[in-house]
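Q: Hi! Could you walk me through this structure, starting with how the chains meet and then moving on to a few side chains?

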Amino acid sequence: MSRIAQTFTNLRLKGQKALIPYVSCGDPSLEFTEQLVLKLVEAGADLVELGVPYSDPVADGPTIQKASQRALAGGITLEKIFQLAARLRSRMETPLILMTYYNPIYRFGLERFVSRAQEAGIDGLIVPDLPPEEARILKQITDPAEIDLIFLAAPTSTAERMEKIAALARGFIYCVSVTGVTGSRENIASGLEAFLAQIRSHTDLPLAVGFGIKSPETAGKAAAIADGVIVGSSLIERIEENLPLVKDEPERVINEVCAYLASLKKAMGNTHFAMN
Amino acid sequence: MRKNSYFGEFGGQFVPETLMPALLELETAYEQYKDDPHFKEELRYYLTTYVGRPTPLYYARGLTEYLGGAKIYLKREDLNHTGAHKINNSLGQTLLAKKMGKKKIIAETGAGQHGVATATAAALLGCECTVFMGAEDVKRQSLNVFRMKLLGAQVIEVTSGTQTLKDATNEALRHWVATVRDSHYVIGSVVGPHPYPTLVRDFQSIIGEETKQQILEKEGRLPDYLVACVGGGSNAMGLFHPFVHDREIKMVGVEAAGCGVNTGQHAASLTAGSKGVLHGALSYILQDSDGQIIPAHSVSAGLDYPGVGPEHSYYKDSGRAQYEAITDEEALEAFQMLSRLEGIIPALESAHALAYVRKLAPTLSPEQVIVVNLSGRGDKDVETVSKLLGGRARE
Ligand SMILES: Cc1ncc(COP(=O)(O)O)c(C=O)c1O
């Protein structure tokens, strides 16, 4: 069983939901990201999404766009991200998922990308601009490498498309909770429950909700009806607000981000939360 | 992978899942309406009575004699309402959107040509129009921003990324993701995810269809060369596509070499780019070794784009078309050349095609025929050119 599947199974047995933070690698520096991830795991992250900064992130709102630009300006590269993942993997068992747009994978070379990811101990891959129609070639490479290719389902997906997504998906299904981009200000759609029920009718895989989680309240609501909660922009906002502090007092910023994550964890009704 | 979303290995639909149902809906609607006699008649009605089609195919005697080689014809897309070929596509897509029951229209624009054309079509057909434009371009083209507002469109200034066309396109896509249930995105060239490259090509193919008929009337034969500038590639594809099976006709697409293809300051995706995905399609693009998109540069805003339509990438690799690159400086010279010799001020984009013809024509014989697509008029560029030349037109 993959690390991702195992993690969801363990949580299910304990009656808990997965909390999945998204970090933008290299925002504002690689060292910061490394410390942040280690602390996020201590603070209750069950899986971690490592975001690969991209010049043209069409599925992302302003917060992740700006984080990506900061990271790119700081000289982040795919190779550095693979090395970061490998260092993290040597220190923890938490599933690591790379979230990247398709072009960096394509440019790096699909085979080479997957093999580097595998060496680095990456467990899953989320590609927000790769719908099932375009995923066949990549999936033929990730499957034998035991990397879970994770698909997104959207509120606009038809039943027919959900079936298609369910047939290809591994690990979990990333359920986009708003018709919009990441960091959306929109409230979690009132139809979320019906949307999840619809996907549920096509798959037994865990369902994780992302894109609209921006407070303990929204995290709690999502956790009540899904298997996992993904949070990105609202974590990154806490880095963005404290950028002048990052250089001299990174711990302070990391602690603030982790305290926020712990507050989400608490709202999700889980018992395990922040250590510090 | 459905075969019909690709041109050889290029094209596809690399977009967020949220948009996939809308692309499939668009494809179905387009399949339904493209051969529908009422739809065709309505589009033809507007193209003739409103846009002013057919545009003339004009024998450029002055230019031909000056260059001293092949006979040169200009396809006068500059004479269309709003001053460029862009309206052919904007009108077609807006009409299609209405048939689909979508009355909210989104567009991206660089210099403002496609924005103005789409705002025009929206005004004509009673649709609500939102245009995304990079903050840099808003500054450079303030008059076009005002034009769009006069036409009733809302112009949204995009401050992300490089604040130019590529980022305006990103922002239009993001907005479409959030409003997809009742909005249609009128993309401005033969780029983007399937079915856009096909749909835009078909709406622009009227350029080539008319040309074919007109040149047969004038010369009793088909031309030897077709030449057009390539930004995203829609005016070139519109001219080329009806001639694709006439294998003996040479097709030349002219990209912007900016300061030179070796300077890193250019927009020549086919000449100097590599394969990658931008705005939903696999094609030739400008990118670094990590797959990050590199900003383009050209004196002409309409060519200032780091990608190109997937069908052009297919033509390039299959050898069906040839692609050349023209520098800012060469384009500026051609801009003045046509103005002086023919009394036609071309768009800076079209001036790239003319600059290539300036090199090509003298190498050919007077029996040979070149058709150049004059994709737009130069009124929008007069201020830019005046600044670049320090206010001194060549004597
Ligand atoms: C007059 C004119 N020609 C050409 C272009 C380039 O676009 P395409 O390559 O799609 O024809 C533009 C784009 O704005 C334009 O305004």
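**Chatting through the model**

A: Happy to! Keep in mind that this is a predicted model. One contact to begin with is Glu17(B), which forms a salt bridge with Arg161(A), with the closest N and O atoms 2.8 Å apart.

Q: Nice. How many salt bridges does the rule find across the interface of chain B and chain A?

A: It finds two across that interface. There are also 20 residue pairs in polar contact between chain B and chain A, both residues being at pLDDT 80 or more.

Q: What about the area buried between chain B and chain A?

A: That area is about 3100 Å², and carbon and sulfur atoms give 50% of it. On the chain B side, Glu17(B), Arg174(B) and Asp290(B) supply 22% of the area that chain B buries against chain A, more than any other three residues.

Q: Let's switch to rings. How many aromatic pairs are there over all chains?

A: By the rule used here, the count is 17. Take Tyr174(A) and Phe211(A): their ring centres are 5.8 Å apart and their planes stand at 90 degrees, so this pair is edge-to-face.

Q: Where do Tyr174(A) and Phe211(A) sit in the chain?

A: In distant parts of it, 37 residues apart. Tyr174(A) is in strand 7 (residues 173-176) of chain A, while Phe211(A) is in the loop between strand 8 (207-210) and helix 10 (216-225) of chain A.

Q: Is Tyr174(A) buried or exposed?

A: Tyr174(A) is buried, because its relative accessible area is 3%. Phe211(A) is buried too, with a relative accessible area of 10%.

Q: What about the rings of Trp176(B) and Tyr196(B)?

A: Their centres are 6.2 Å apart and their planes are at 70 degrees, so that pair is edge-to-face. Trp176(B) belongs to helix 8 of chain B and Tyr196(B) to helix 9 (residues 196-204) of chain B, and the two are 20 residues apart. Trp176(B) is buried at a relative accessible area of 2%, and Tyr196(B) counts as buried at 0% relative accessibility.

Q: Which residues do ring pairs link into a cluster?

A: One cluster is made of Phe82(A), Phe108(A) and Phe113(A).

Q: Back to charges. How many salt bridges are there over all chains?

A: The rule counts 45. In one of them, the side chains of Arg140(B) and Asp137(B) meet, with 2.6 Å from N to O. Both residues lie in helix 6 (residues 135-140) of chain B, three residues apart, which is about one turn of the helix.

Q: Which residue does Glu311(B) form a salt bridge with?

A: Its partner is Arg201(B), and the closest N and O atoms are 3.1 Å apart. Glu311(B) lies in helix 13 (residues 310-318) of chain B and Arg201(B) in helix 9 of chain B, so the pair ties together parts that are 110 residues apart in sequence. Glu311(B) is buried at 7% relative accessible area, and Arg201(B) counts as buried at 11% relative accessibility.

Q: Last one! Which residues of chain A are linked in a network of salt bridges?

A: Arg3(A), Arg89(A), Glu93(A) and Asp123(A) are linked in one.

Methods
Residues numbered from 1 in each chain as written. Chains lettered and ligands numbered in written order. Heavy atoms only, no water. Buried area = accessible area lost by both parts, 1.4 Å probe. Salt bridge = Lys/Arg side-chain N within 4 Å of Asp/Glu carboxyl O. Polar contact = N/O pair within 3.5 Å; in protein donor to acceptor, adjacent residues only side chain to side chain. Phe/Tyr/Trp six-rings, centres within 6.5 Å; stacked < 30°, edge-to-face > 60°. Helix = DSSP H or I, 4+ residues; strand = E, 2+ residues; numbered from the N terminus. Buried < 20%, exposed > 50% of the residue type's maximum accessible area, 1.4 Å probe, protein only.
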